[in-house]
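Below is a short report on one protein model.

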Amino acid sequence: MDTLKTNVLYYGDNLEILRKYIPDNSIDLVYLDPPFNSKKDYNILFKENGGVESEAQIKAFTDTWHWTQTAENTYHDIVTSGPLKIAQLIGALHDTIGQNDVMAYLVMMTTRLIELHRVLKPTGSLYLHCDPTASHYLKLVLDMEFKTRHYIVLCEIRENANEASYSALG
Ligand SMILES: C[S@@+](CC[C@H](N)C(=O)[O-])C[C@H]1O[C@@H](n2cnc3c(N)ncnc32)[C@H](O)[C@@H]1O
């Protein structure tokens with residue numbers, strides 16, 4: 001895994017793909033649209049010929065997280081082998097928040113953010129799309145992993161054009 005293969009679409013768990021195929025310091029731009037811990041199911045909805053929504057749909061993914069053996073193992077990996085600051089942060093959050101859904105989500109994201117930092121070039125950029133469910137915890141993880149001085153901006157997206165507008169916050 002010395003050089004990055006380009007024009008390749010990888011399919012599968014991004015943690016395995018990152019670890020297996022993506023070299024250190026090889027990526028200029030990361031854009032993440034990960035699960036948000038929204039506790040919702042997301043479905044692929046089909047439409048009838050006339051454009052109306054069909055009853056048929058496929059569940060695409062479930063954005064609900066629980067403290068399982070996988071979460072426990074991931075937590076253990078982070079606190080024993082992760083970067084020191086991240087290990088301390090996740091250890092402290094685990095001790096205060098406890099072994100619950102948000103912690104399960106956070107360890108899933110943290111282990112992937114560590115890998116994304118490894119593959120990102122020093123000149124690269126990372127954009128993380130999330131919602132307020134876990135954004136404040138994710139900001140802490142990003143600050144520890146990427147250092148606060150590299151943080152540029154929080155952009156808020158207005159989903160509904162009819163709502164009163166609000167501006168991006170620095
Ligand atoms: C918020 S959705 C983003 C969907 C996509 N950006 C779109 O607009 O259709 C999060 C996506 O991450 C996928 N996902 C969840 N865990 C993953 C993992 N470990 N590796 C790769 N993809 C994952 C889910 O299946 C889901 O499609």
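The report starts with the fold and then turns to packing.

This is a predicted model; local features need pLDDT of at least 70, side-chain atom pairs count only at pLDDT 80 or more, and totals for chains, interfaces and linings use all residues. Residues are numbered from 1 along each chain as its sequence is written.

The protein has five helices and four strands. Helices (H or I, at least four residues) and strands (E, at least two) are DSSP runs, numbered from the N terminus. Their order is α-β-β-β-α-α-α-β-α. Of the 170 residues, 16% are buried (20 or more other C-beta atoms within 10 Å of a residue's own, with C-beta atoms placed from the backbone).

Helices H2 and H4 pack together. Their axes are lines fitted to C-alpha atoms over the stretch in contact, and angles run from 0 to 180 degrees between N-to-C directions.

| Feature of the H2 and H4 pair | Value |
|---|---|
| Angle | about 50 degrees |
| Distance between axes | 9 Å |

The largest nonpolar core has 22 residues. Such a core is a set of buried Ala, Val, Leu, Ile, Met, Phe, Trp, Tyr and Cys residues joined through C-beta atoms within 7 Å. Leu-106, Val-107 and Val-141 touch the most other members. H2, H3 (84–97), H4 and H5 (135–146) each supply at least two residues. H4 gives the most, with eight.

Methods. A residue is buried if 20 or more other C-beta atoms lie within 10 Å of its own, exposed if 12 or fewer, and partly exposed in between; C-beta atoms are placed from the backbone.
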